[in-house]
Amino acid sequence: MPKRIILLIIDSLMYPALEKAVGEGTAPAFQFFMEKGAVYPNVVTSFPTMSVTVDSSLLTGVYADVHRVPGLVWFHDEEKRLINYGSHVRELWKLGLLRAIDDMLYRLNNEHLSQSIATIHEELAAKGKESASINVLLYRGNTDHPLRLPALLTLFKPFRTRRKTQGARLFTYGSFARIGPSKQNGHFWQRYGFNNRFSVQELIHLIRTDRLPPFTIVYFPDMDKMVHKHGPMDTKGIAQTDKQLQAILNCYPSWEEALRDQCWMIIGDNGQAPIRADRNKALIDLRRLLQPHKVMALKRGVQNDDELVLAVNERMAFIYTLDPQRAPLVKLAEVLQQDDRIDVIAWLEGNIAHVISGVRGGKLMFRPGGAQIDEYEQRWDVQGELGVLDLTISSGRISYGDYPDALARLYSSLTSHRGAFLIASAAPGFEFIGEGSPTHVGGASHGALHRHDSLIPMIVTGTNSAPKHLRVIDLKEWILSLFEEESDETRRSNG
């Protein structure tokens, strides 16, 4: 039989902390996988560096300009409302908790994720191969699954009909859909099953019942919260996750046996940058910074006299103008440029991206399709001050510095959804706040374009091949190619 692929996504796993934990001897399972396979410390994730956008890119192999999930928080221009998939309960309550739950449980996968691009689950199903999705936020596949909603929710109109969702053939989504028989770890104080223990429990059930399909993807969410609180070099979350990996490996007669018929891939989803301990300096209050412009209040929604909408994604923010005459993007960008805590400010004029910075002088302009070629074989027309995005161009070749794959990631975000908006990305040490935003003073945060947020590790066993490029968007094509290689080997062996 071909090897089965098990992909484990560990939220906020970063290589420096992983290397430290392994060196201290507190991560034997991680060490085992690293010694038995290949280690890639710096894989480039998508932008903004938030889990829903990263998961969307991983499943579809494209950035947000194609998959259409712009961020954790974004403004829906057609519906004139802010979409929030779960930043903080304060914001969700003000926006309307039922609508937010509907966006998270149903619309994210069934409506917002573009139908124009197939997910890895859909492509595998088309080839007659089953797959499993365990607790992954983005999971769209070809199989109808009932959602086990709390009884109280079913009293409300949106949830009377939305009892099914399209997922992978084998599908776990917290306590709302599960593979195994156990109901443990599914209460509200356990985040309704969205925790590492439940993810591990479901994977172990598949292993022990010999139901592992050709491809399984599992999400481990717990470490994100620990890194947010204690900072990017905290290793307690890695040690805890390692014990859960040990429990998985212990399902086999030996750890070596776990590698025999499985190809294991362990990957982070985003990095995190440290946030300063001085609250007054660390938090960039966009409402105060953009005074006297009238910002939409979350509870009221868009009103006739509103000029701006803020969609804060921790260290990144979309800033929408509702009235380009009263609040033109260029003027808003110039205001942000006065703050040296904001290192990237970008907006579109026609098909040209304009970028300025509160840290570096000058302006950079770029668009796709020019004569200059970057390290990912993408063509660009770049003009202006290269230092704004820490670019280097030599003999027509573009190299990236502090902002990996900056041109494609930034341009994809600028074209990811409709509306007149600019993008702001915070320098390391700082994060944005709006109305009710979560804060991580003295800890760590993510969302930004910077390498601290953008580089994640990947460990791979069971294959000598690698993705074409070390980016999240290149993983789908590579994973599918592994199945093609196995099929070719099978055909050759059958003569």
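Which residue's side chain does Glu257 meet in a salt bridge? The partner is Arg260, at 2.9 Å from N to O. A salt bridge here is a side-chain nitrogen of Lys or Arg within 4 Å of a carboxyl oxygen of Asp or Glu. Both residues lie in helix α12 (residues 255-260), 3 residues apart, about one turn of the helix. Glu257 counts as partly exposed, at 28% relative accessibility. Buried means under 20% relative accessible area, exposed over 50%, and partly exposed in between (1.4 Å probe, protein chains only).

This is a predicted model: local features need pLDDT of at least 70, side-chain atom pairs count only at pLDDT 80 or more, and totals for chains, interfaces and linings use all residues. Residues are numbered from 1 along each chain as its sequence is written, and side-chain values use heavy atoms, with hydrogens and water left out.

Now the whole protein. It has 18 helices and 24 strands. These are DSSP runs, numbered from the N terminus: helices are H or I with at least four residues, strands are E with at least two. The C-alpha trace spans about 65 × 65 × 45 Å along its principal axes. Of the 495 residues, 59% count as buried. Take contacts (heavy atoms within 4.5 Å) between residues at least 6 apart in sequence: 68% of them join residues at least 24 apart.

Next, the charges. The protein has 57 positive and 57 negative side chains, and the centres of the two sets lie 6 Å apart. Lys and Arg count as positive, Asp and Glu as negative; His and the chain ends are not counted. Each charge is placed at NZ of Lys, CZ of Arg, CG of Asp or CD of Glu. Side chains of opposite charge can pair when their charged atoms come close. The structure holds 29 salt bridges.

One of them joins Asp103 and Arg107, at 3.6 Å from N to O. Both sit in helix α6 (residues 97-112), 4 residues apart, about one turn of the helix. Asp103 is buried, with a relative accessible area of 1%. Arg107 is buried too, at 12%. The pair belongs to a network of salt bridges that links Glu79, Arg81, Asp103, Arg107 and Glu111.

Finally, look at Asp453 and Arg315. Their closest N and O atoms are 2.9 Å apart, in a salt bridge. Asp453 lies in helix α17 (residues 451-454) and Arg315 in the loop between β13 (308-313) and β14 (316-321), so the pair ties together parts that are 138 residues apart in sequence. Both Asp453 and Arg315 are buried.
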